[in-house]
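Please look through the structure shown here and read the briefing beside it.

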Amino acid sequence: MKSIEQSLKNIQGLSGQKSVSYIDLCMFPHVHLPIGFKTPKFENYDGHGDPIAHMKRYCNLLRGASGKEELLMAYFGESLVRIASEWYMDQDISRWHIWDDLARDFVKQFQYNVYIAPDRNSLSNFKNKSSESFREYVVKWHEQAARVKPPMDETEMVNVFLQSQEADYIQNMMSAMGKPFAKAIKIGEMVENDLKTGCILSQSAIRATSQAIQNGSGLQRTERRKKKWQ
């Protein structure tokens, strides 16, 4: 056993890598699982979203571990992925004496997600991309709307949604005012279909036609002037 440990130390010294021994790899080597303990299926947190909301979900899954704070801290990493997991692995756990220590550090690290959460103003500027369908856009918009605090009722949600629409849609969706959000989506999809089939002329098409007419009129006037001076 000693020869294996020595070999690992030699490898570490030669390559400059960190130790790969169990005692160094395991963040909580002295935590013993209770008899019959089964690891819950955690909802993963990737560094986005409200960190406190994630901790609430985590603690609800491990509510039977009350009083076993080391167990709570040890398994918290199992609920993290990507940048959040990297943050957890880089921590000096000697500073975490109780769960509250970990929780405060976690909130401090990811609280910015709450500060940059979408609000009513950002939602009204959340526009549809030319590469996505109206329904794809609605799904993304509604996901952002669900994060707004305080929450919007359905009437306000429809009003803000209409404010976010481009000219082609908003002028043809005013009938959605005061209606349920699901109805507004249906109206928007009908407008999308009418624009595709040409039943509704888009503002850009109208502008292009007007510009072409103006250019044509200007060209005719120029030709008439040329003939007049010939």
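This is a predicted model: local features need pLDDT of at least 70, side-chain atom pairs count only at pLDDT 80 or more; totals for chains, interfaces and linings use all residues.

Residues are numbered from 1 along each chain as its sequence is written, and side-chain values use heavy atoms, with hydrogens and water left out.

**The protein as a whole**

- The secondary structure comes to 13 helices and zero strands, where helices (H or I, at least four residues) and strands (E, at least two) are DSSP runs numbered from the N terminus.
- Of the 230 residues in the protein, 30% are buried; buried means under 20% relative accessible area, exposed means over 50%, and partly exposed lies in between (1.4 Å probe, protein chains only).
- The protein exposes about 15800 Å², of which carbon and sulfur atoms supply 54%; such areas come from the Shrake-Rupley method with a 1.4 Å probe, and for residues only the protein chains shown count as cover.
- Among contacts (heavy atoms within 4.5 Å) between residues at least 6 apart in sequence, 58% join residues at least 24 apart.

- Leucine 123 has its place in helix α8, and because its relative accessible area is 1%, it counts as buried.
- Not counting residues up to four places away in sequence, leucine 123 touches Trp141, Gln144, Ala145, Val148, Met152, Val160 and Ser164.
- Although leucine 123 and alanine 145 are 22 residues apart in sequence, they are 6.9 Å apart in space, C-alpha to C-alpha.
- Serine 124 is also placed in helix α8, which covers residues 120-124, and serine 124 is buried, with a relative accessible area of 11%.
- The side chain of serine 124 reaches the backbone oxygen of asparagine 121 at 2.6 Å, and leaving aside neighbours within four places in sequence, serine 124 is in contact with Val160, Gln163 and Ser164.

- Aspartate 101 has its place in helix α6 (residues 99-110), and because its relative accessibility is 16%, aspartate 101 counts as buried.
- A polar atom of the aspartate 101 side chain lies 2.8 Å from the backbone nitrogen of histidine 97, and aspartate 101 touches Arg95 and Trp96 when residues up to four places away in sequence are not counted.
- Arginine 82 belongs to helix α5 (residues 82-89), and with a relative accessibility of 61%, arginine 82 counts as exposed.
- Phi of arginine 82 is near 50°, which is a positive value in a residue other than glycine.

**A cis peptide bond**

- Lysine 149 and proline 150 are joined by a cis peptide bond with an omega of about -5°, and proline 150 is found in the loop between α9 (134-145) and α10 (154-163).

**An enclosed space**

- A search of the whole structure finds one cavity of 30 Å³ or more; on a 1 Å grid over the protein atoms alone, a cavity is a set of points where a 1.4 Å probe fits but cannot get out, and lining residues have an atom within 4 Å of a point.
- The largest cavity has a volume of about 30 Å³, a volume being the space filled by probe spheres set on the points, with grid points joined across faces, edges and corners.
- The lining of the largest cavity consists of Phe42, Glu43, His54, Arg57, Tyr58 and Leu61.

Note on methods. On a 1 Å grid over the protein atoms alone, a cavity is a set of points where a 1.4 Å probe fits but cannot get out, and a pocket is an open set with protein on both sides within 12 Å along at least five of seven lines; lining residues have an atom within 4 Å of a point. A polar contact is a pair of N or O atoms within 3.5 Å; within protein, one must be able to donate a hydrogen and the other to accept it, and residues adjacent in sequence count only if both atoms are side-chain atoms.
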